[in-house]
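Subject: Structure for your review

Dear colleague,

Please find below the structure that I am handing over to you. After it, I set out what was found in it.

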Amino acid sequence: MRCREACGAGCIAPSIVQGFHGMPDGKAAGEACVHLDTDMRCALFGDPRRPALCEAFMPEPAICGDTREQALSNLRRLEADSAPAGLRT
C-alpha cells in the first residue's frame, strides 16, 4: 500500500520523543510535524534527516483504513495504547 494522497496522518498522530531536524525536542502526539507541507506530504521524504520512526512506518490497510479520518483515529489509538502505563488516557 502507498500513502494516501493529502493524508498526513503519520506526520500528525504519533509522538516522536527524540529530537530531529527542525524539531529538537521531538513532537507530541497530535502535533503536526514542521516538515508536513501544504500538500500534506513529508518534506523530508528520502532525506537522511528524516526520523527513523517515520522511515520505518509502512502504510497498511489495518492502520490507514479507508479514509484520512480513519487513519488518524487508528494511529491515535495505537499511540494511546502504546504509551507508558502512567501516561495512558
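Please bear in mind throughout that the model is predicted.

R50 is placed in the segment before helix 1, which spans 52–56. Is R50 buried or exposed? Its relative accessibility is 16%, and because buried means under 20%, R50 counts as buried. When its neighbours within four places in sequence are left aside, R50 is in contact with C42, L44, F45 and E55.

R50 also belongs to the lining of the largest cavity, together with C11, C33, H35, L36, C42, L44, P51 and C54. The volume of this cavity is about 40 Å³, and the structure holds one cavity of 30 Å³ or more. By class, the lining of the largest cavity consists of seven nonpolar residues, one polar residue and one charged residue.

The largest pocket contains about 1,200 Å³ of space. It is lined by 45 residues, and those closest to its centre are G10, C11, R50, C54 and F57. Which helix gives the most to the lining of this pocket? That is helix 3, with six residues. Helix 1, helix 2 (61–64) and helix 3 (68–82) each supply at least two residues of the lining. The pocket lining comprises 29 nonpolar, eight polar and eight charged residues.

Yours sincerely,
A colleague

Key
Residues numbered from 1 in each chain as written. Predicted model: local features only at pLDDT ≥ 70, side-chain atom pairs only at ≥ 80, totals over all residues. Heavy atoms only, no water. 1 Å grid on protein atoms, 1.4 Å probe; cavity = no way out; pocket = protein on both sides within 12 Å on 5 of 7 lines; lining within 4 Å. Points joined across faces, edges and corners; volume = space filled by probe spheres on them. Nonpolar A, V, L, I, M, F, W, Y, C, P; charged D, E, K, R; others polar. Helix = DSSP H or I, 4+ residues; strand = E, 2+ residues; numbered from the N terminus. Buried < 20%, exposed > 50% of the residue type's maximum accessible area, 1.4 Å probe, protein only. Contact = heavy atoms within 4.5 Å.
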